Amino acid sequence: MARKPLSLNDGPESPFVHLCQPDPSKSCGACCGLYNYADSGREALAARLRNRTRLFRETVRGPEDLPRFSEAVKAREDGRKRYEVIHCCEYVGFLDGQEKTVGCLLHPMQNAGLDMRDVSFYGRELCDGHFCPSYSYISRAEKLAVLEILDDWYLYGACITDIDLVKEFFRLVSEAAGEMPAPSRFRDPALREAARRFFGLKLAWPYRSEAANRFGKYSFDGTDYFIDSIDYGALGCEKSRFDRIFLSLQSAFKDREDVRKAEETIRQHIEDVVDRYKELVDFH
Ligand code: SF4
Ligand code: SF4
């Protein structure tokens, strides 16, 4: 739930890294069900958020207006979901006029101090207190580096919730570079761009399975989910060293040649990052 907006990160010395609303260039609404619509493409989601934000600003003055708002959103929008068991909250919207940050329209910081999250599906306490697993499993340095690299809500939300993708990226870069790059290194435009190209694979991966029940490494079968796997034996090859990344990217390969090309793509993206990082280190 993309609640707890807006205590922005205080800077590199702050022990807590705020992933939900990190800075004015981006934010995440993944646990409010943002990516769980049948059409969760960028344009479709942006239009959905734009329309409901406008309606909210025009019609909601207090909690008494929320039932009408909720009904209107449900009547106007295509409510089909990818996974029935995951709730899609109608109160996610754009939080700023430039449409750079997504989050909770009911949050007190959006309503002159009035907290209206009591009406939500999860209730105010859950909306306010939820921290997704990325808070625990992604290290502080990795979090800060991702915040330097990405500045787009759609890609950011898809990546920051993908723990394997983030951790594998930094593991491979660190192994090849001999150290974990300091997050501030990613302020270098060329390094940031190379890293962005890697994370951009999350949205533009040529081997991405379009199976409706896939979500990254997870597969859903009605009410339950399980972690997918790639049958390398059936493809006639060894398990790839990029297996975790392939699963995060929702890969489906048709033959070993696919696997080989996919490995080359990942290897090249990592190498681009490492090469630029080494240039920077050598230069200083
Ligand atoms: S009310 Fe909805 S949008 Fe707001 S934090 Fe809760 S789930 Fe997210
Ligand atoms: S998925 Fe995680 S980072 Fe995203 S809004 Fe929810 S708690 Fe915050």
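Buried means under 20% relative accessible area, exposed means over 50%, and partly exposed lies in between, with a 1.4 Å probe and protein chains only. This is a predicted model, in which local features need pLDDT of at least 70, side-chain atom pairs count only at pLDDT 80 or more, and totals for chains, interfaces and linings use all residues. Residues are numbered from 1 along each chain as its sequence is written, and side-chain values use heavy atoms, without hydrogens and water.

**Exercise 1. Positive phi**

Task: Find where Gln 250 sits and decide whether Gln 250 is buried or exposed.

Solution: 
- Step 1. Gln 250 is not a glycine, yet its phi is positive, about 65°.
- Step 2. Its place is the loop between helix H10 (243-248) and helix H11 (256-283). Helices (H or I, at least four residues) and strands (E, at least two) are DSSP runs, numbered from the N terminus.
- Step 3. Gln 250 has a relative accessible area of 4%, so it is buried.
- Step 4. Glu 99 also is not glycine and has a positive phi, near 60°.

**Exercise 2. A lysine in a loop**

Task: Which backbone oxygen does the side chain of Lys 202 reach?

Solution: 
- Step 1. Lys 202 is buried, at 12% relative accessible area.
- Step 2. Its side chain reaches the backbone oxygen of Ser 248 at 3.1 Å.
- Step 3. Contact means heavy atoms within 4.5 Å. Leaving out residues up to four places away in sequence, Lys 202 touches several residues, including Asp 162, Arg 208, Ser 248 and Leu 249.

**Exercise 3. Aromatic pairs**

Task: What kind of pair do Phe 69 and Tyr 91 form, and what kind do Phe 170 and Phe 186 form?

Solution: 
- Step 1. Rings of Phe, Tyr and Trp (its six-membered ring) pair if their centres lie within 6.5 Å; planes under 30 degrees apart count as stacked, over 60 as edge-to-face and the rest as tilted. The structure holds 19 aromatic pairs.
- Step 2. Phe 69 and Tyr 91 are stacked, at 5.6 Å centre to centre and 20° between the planes.
- Step 3. Phe 69 lies in helix H2 (residues 66-76) and Tyr 91 in the loop between H2 and S1, so the pair ties together parts 22 residues apart in sequence. Both Phe 69 and Tyr 91 are buried.
- Step 4. Phe 170 and Phe 186 are edge-to-face, at 6.2 Å centre to centre and 85° between the planes.
- Step 5. Phe 170 is in helix H7 (residues 163-177) and Phe 186 in the loop between H7 and H8, 16 residues apart. Phe 170 is buried at 1%, and Phe 186 is buried at 0%.

**Exercise 4. The cores**

Task: How many residues does the largest nonpolar core have?

Solution: 
- Step 1. A nonpolar core is a set of buried Ala, Val, Leu, Ile, Met, Phe, Trp, Tyr and Cys residues joined through side-chain atoms within 4.5 Å.
- Step 2. The largest has 51 residues; among those with the most contacts inside it are Phe 169 and Ile 266.
- Step 3. A second, separate core has 27 residues, including Cys 32 and Tyr 37.

Conventions: Chains are lettered from A and ligands numbered from 1 in the order in which they are written. A polar contact is a pair of N or O atoms within 3.5 Å; within protein, one must be able to donate a hydrogen and the other to accept it, and residues adjacent in sequence count only if both atoms are side-chain atoms.
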